Amino acid sequence: MPQSPADRRVVVTGPPRRAARPRPRGRDPRAPGAYRPRTEIAEQTTLGHTYVRSLMRSQLRAALTGCAVLVLLIGPLPLVFAAAPHAGRLQWLVLGFCLYAPLVLLAHWYVRRAERNERDFVRLVEDR
């Protein structure tokens, strides 16, 4: 007499005899317990705070460098204009033509530097 499928069922009530092998840590970024800088930043740990602070420092350093160059470029102009009081056209030429190109170059440098800082930060966080 053939057995019915209901008779063939086996109920396991005890714990498994063999444990699953643990995954190696740190190799697979999706593995549980793997190092994830994004998680550190999102959870606002001290390491995440350090990452964000390093980005802010590099951005601040770029901004202060740009401001220093701007002050050195524009700061002496009142002295130059005071030395030549009757040179009205000279003042407009200096302000209109001689100052425009360096300001555009400075702005271009600053934007490229800020984007490079952000790219480096993303590369650090993404583990690429």
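Modeller: Helices and strands here are DSSP runs, where a helix needs at least four residues and a strand at least two. Keep in mind that this is a predicted model.

Biologist: How many helices and how many strands are in the protein chain?

Modeller: Read along the sequence, the pattern is α-α-α-α-α. Counted by type, the protein chain has 5 helices and 0 strands.

Biologist: Where does UniProt place the feature "transmembrane region"?

Modeller: The annotation comes from an unreviewed UniProt entry. In the model, residues 62–84 are 87% helix and 0% strand, with end C-alpha atoms 34 Å apart. Residues 90–111 are 95% helix and 0% strand, and their end C-alpha atoms lie 31 Å apart. The entry places the feature at residues 62–84 and 90–111.

Biologist: Is Q59 buried or exposed?

Modeller: Q59 lies in helix α2, which covers residues 46–74. Its relative accessible area is 18%. The limit for buried is under 20%, so Q59 is buried.

Biologist: Which side chain does the side chain of Q59 join in a polar contact?

Modeller: Leaving aside neighbours within four places in sequence, Q59 is in contact with A114, N117 and E118. Another residue, R113, is 54 residues from Q59 along the chain, and their C-alpha atoms are separated by 8.2 Å. The side-chain polar contact of Q59 has a length of 3.4 Å, and the partner is E118.

Biologist: Which residue has its backbone oxygen 3.3 Å from a polar atom of the side chain of N117?

Modeller: N117 is in helix α5. With a relative accessibility of 8%, N117 counts as buried. Apart from neighbours within four places in sequence, N117 is in contact with L55, S58, Q59 and A62. The backbone oxygen at 3.3 Å belongs to S58.

Biologist: Which residue forms a salt bridge with R123?

Modeller: Side chains of opposite charge can pair when their charged atoms come close. The structure holds 1 salt bridge. In the bridge of R123, the closest N and O atoms are 3.3 Å apart, and the partner is D120.

Biologist: How many residues apart are R123 and D120 in helix α5?

Modeller: Helix α5 runs over residues 100–126 and contains both R123 and D120. R123 has 43% relative accessibility and counts as partly exposed. D120 also falls in the partly exposed class, at 38%. Their separation is about one turn of the helix, that is, 3 residues.

Biologist: What accessible area do L70, I74 and L103 have together?

Modeller: L103 is located in helix α5. At 31% relative accessibility, L103 counts as partly exposed. L70, I74 and L103 form a nonpolar patch on the surface, and together their accessible area is about 190 Å².

Biologist: How far apart in space are P102 and L73, C-alpha to C-alpha?

Modeller: P102 is also placed in helix α5. With a relative accessible area of 29%, P102 is partly exposed. P102 and L73 are 29 residues apart in sequence, and their C-alpha to C-alpha distance is 8.4 Å.

Biologist: What is the C-alpha to C-alpha distance between R36 and V125?

Modeller: R36 is found in the segment before α1, a helix that spans 37–42. R36 counts as partly exposed, at 35% relative accessibility. R36 and V125 are 89 residues apart in sequence, while the distance in space is 7.6 Å.

Biologist: Among contacts between residues at least 6 apart in sequence, what percentage join residues at least 24 apart?

Modeller: A contact means heavy atoms within 4.5 Å. Within the protein chain, the count takes contacts between residues at least 6 apart in sequence, and the part that joins residues at least 24 apart is 59%.

Definitions and conventions. Residues numbered from 1 in each chain as written. Predicted model: local features only at pLDDT ≥ 70, side-chain atom pairs only at ≥ 80, totals over all residues. Heavy atoms only, no water. UniProt positions renumbered as here; feature names shortened; annotations may be inferred. Buried < 20%, exposed > 50% of the residue type's maximum accessible area, 1.4 Å probe, protein only. Polar contact = N/O pair within 3.5 Å; in protein donor to acceptor, adjacent residues only side chain to side chain. Salt bridge = Lys/Arg side-chain N within 4 Å of Asp/Glu carboxyl O. Patch = residues over 30% accessible without salt bridge, like charges linked within 9 Å, V, L, I, M, F, W, Y side chains within 5 Å. Areas by Shrake-Rupley, 256 points an atom, 1.4 Å probe, with all protein chains shown as cover.
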